[in-house]
Amino acid sequence: MATLTDPAADQRRPSADAVLEVEDLNVRFPTDDGIVHAVRGVSFSLRTGEVLGIVGESGSGKSVTSLAVMGLLPSSANITGSVLFRDRQLLGLKDAELSAVRGKSIAMVFQDPMTSLDPVYKIGNQIAETVRQHDKSVSRAAAKARAVDLLKLVGIPNAADRIDSYPHEFSGGMRQRVVIAIAIANQPEVIIADEPTTALDVTVQAQVLEVLKTAQDETGAATVLITHDLGVVAGMVDRVLVMYAGRAVEKGTVDDVFYRPKMPYSIGLLGSMPRIDAGDRQRLTPIKGSPPSLINPPPGCPFGPRCPLHYSKCDEQEPDLYPTERPDHTAACIRVNELVGVDVAAEDIFTDDSSDLTLGAEAAIGESALAQQGVGDAAAVGGVPTEPPPIPGVDPDAHRDHEERA
Amino acid sequence: MTSATPAPPVRQRGADAEPVLTVRGLEKYFPIKGGGLIRRTVGNIKAVDGIDLDLYPGETLGLVGESGCGKSTTGRAILHLQPATGGSVKYNGQELTTLNRRSMRPLRREIQIVFQDPYASLNPRLPVLDIVGEPLIIHKVVSKSQLRGRVNELLELVGLNPEHNNRYPHEFSGGQRQRIGIARALALQPKVLILDEPVSALDVSIQAGVVNLLEDLRDQLGLSYLFIAHDLSVVRHTSDRVSVMYLGKIVETAGTDDLFDRPAHPYTQSLLSAIPIPDPQRERRRKRILLTGDVPSPANPPSGCRFRTRCPKFANQLTDDQREKCINEDPPLIDRGNGHPSACHYAEALTLL
């Protein structure tokens, strides 16, 4: 395992003042089936020049988080909590007021470059529009010149000619470069990139990530990079926030989360990834089951039903983010104390067998029915162990220790 | 299925083993029609342009490339779902490309396909029993009374609960739906499975389970897989040999470790270097070989070597004399002293990972 200090990581350490502070963000969508609680109490702060990665699987609430910050959710969404940009509350602002912030101070890069540009306007006009929208004193000619500069910056050849092209004349990678050019047109302080390379091929992804780095260097903007690809996160970000079922379940520096994950979900996620640099073909360790429904989720840890370390106490209440042995590294698991100071690999706790027996709907019904009967019964009926399953390499006394402390 | 893996079965092919599937010079051209009243063919999209593959019994052959390189079309042309426009596909010595629908049907029991999108490849109006049972009925392999039992066996085989055989696809998760698709493909006890991006639509934690299942099934049932994918990490994990495709042609073929440890074609090299590794410290130190530009149109591929318009070697390392050869001569897929065949005049193995 790696050493704790990495010079490259130290160089990238940002200054301490927060540009964007998200506190206890909750998003609820009313649906026919009930209220979907898509984001549940997510908090993070972003400092100048810092890159924060938000990772999670489909439906974990990572995109909804970013859309809530940008005020881009439909009006039916119920958003609570606080989003402070430079100490200014963004939640509850009127659309007109937000429009002055969006594209100026906070810019966004969306997932699908095919749909995020307007097909009937020339590329150059779309960039110039962004510039002039926020600063009317810029002349058309100056805005156009700025568009050319920006296109050059994001690596579009013959920029002066290409500003008169329409989006359909560009490939996916080129379009995403244009979207990045638009995002950095006004020197934003925060860039939110929501799965910026997911729709692209790997070789194009590598190009676009390079452009994103250039854009960051150029603007000095703090960046939120949202992705499901742990590989992309590893190379791009300073800190990571892992999301599961609408909640942050682990936060820390990229090295801490990748080399010393403490939440069983993060451990499992890392273990389920096939590695291109692994020649020995170790068997993968899948995470059994599927994420819970966000309509009336049962009490307790949302990862519980899929977790190999799950026992009855996990179902009592949802765990907070508990501190680990490293500063600023927190994990939402009541057994985190047992994991402190030990390296637990996915294959130690997850099984590698290949069955997938429970239906999502059934699991959800079973859960809530059990929850109504009370936890003791749930344990008896659902086969949830009442004693914590041992963790390989961890002294069982550590658990007792933890109990006493708790 | 047990979690304890038995001793790894020998998947190294013997010197005397005959390939189950032999593909030679396979071509699939799609005509481009003119816009006039009489829609004459004015050109061809050369989606697959002369590829050779050998699939040996019990092995997994990975076929990788980026979108539009022709890998899925290759799979479909092999199965005769989109008839090839040239070349030959032989299954155990029997030519498939010249067969009509009726004579192809018995062979469909031998070669089956698993599609990419488990949301689109299952009929939403049929319960699992009917979806998995359909091939059994069409090919009249079991009687009505045996059907349920056989389907339950298949569901168990792919790690699903047989009690769910009366459920509809929407009740299952993406990974489970993909398992239903696999059970359907296995219903007729095929020898060869063409897996067309079987795990690309799944989240990683779910994907791992399906990858493990495919490994177990191959070893248990002695299947051969043509594993079509764009994700090289999955391919490295699952395949015994890998062929890399670019713009309708295979540019490099090698044993998996050989390909990943000593890639010789500049395209394979840039592909490998572009893939992010979930290891922050290595990732920060890595130097990428960045490609410029985009994939040219397969309707009008560049002369000579098709990769030369984006090739970092062509752009930065070769002299003008050397470039002549790239422009004029299509490089054949042969071994140029790197231990495996690659289609580059100036192939040179590099260590990148």
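What is the handedness of the crossing of α4(A) and α5(A)?

Analyst: The crossing of α4(A) and α5(A) is right-handed; by the convention used here, a crossing is right-handed if the near helix is turned clockwise from the far one by less than a right angle, and left-handed if anticlockwise. The contact is made by G124(A), I127(A), A128(A), V131(A) and R132(A) on the α4(A) side, and by R140(A), A143(A), K144(A), R146(A), A147(A) and L150(A) on the α5(A) side, where two residues are in contact if their C-beta atoms, placed from the backbone, lie within 7 Å. These contact residues divide into 6 nonpolar, 1 polar and 4 charged, with Ala, Val, Leu, Ile, Met, Phe, Trp, Tyr, Cys and Pro counted as nonpolar, Asp, Glu, Lys and Arg as charged, and the others, Gly among them, as polar.

Two packed helices are described by the angle between their axes and the distance between the axes. For helix α4 (residues 123-134) and helix α5 (residues 140-153) of chain A, the axes come within 8 Å and cross at roughly 115°; the axes are lines fitted to C-alpha atoms over the stretch in contact, and angles run from 0 to 180 degrees between N-to-C directions.

This is a predicted model, in which local features need pLDDT of at least 70 and side-chain atom pairs count only at pLDDT 80 or more, while totals for chains, interfaces and linings use all residues. Residues are numbered from 1 along each chain as its sequence is written, and chains are lettered from A and ligands numbered from 1 in the order in which they are written.

As for the chain around this pair, chain A has 16 helices and 12 strands, which are DSSP runs (helices H or I of at least four residues, strands E of at least two) numbered from the N terminus. Of the 406 residues of chain A, 51% count as buried, that is, 20 or more other C-beta atoms lie within 10 Å of their own, the C-beta atoms being placed from the backbone. Among contacts in chain A between residues at least 6 apart in sequence, 68% join residues at least 24 apart.

On confidence, the predictor gives the complex an ipTM of 0.86 and a pTM of 0.87. Over residues 1-11 of chain B, however, pLDDT stays under 50. Where pLDDT is low, the predicted coordinates should not be read in detail.

Key
Buried ≥ 20, exposed ≤ 12 C-beta atoms within 10 Å, placed from the backbone. pLDDT = per-residue confidence, 0-100.
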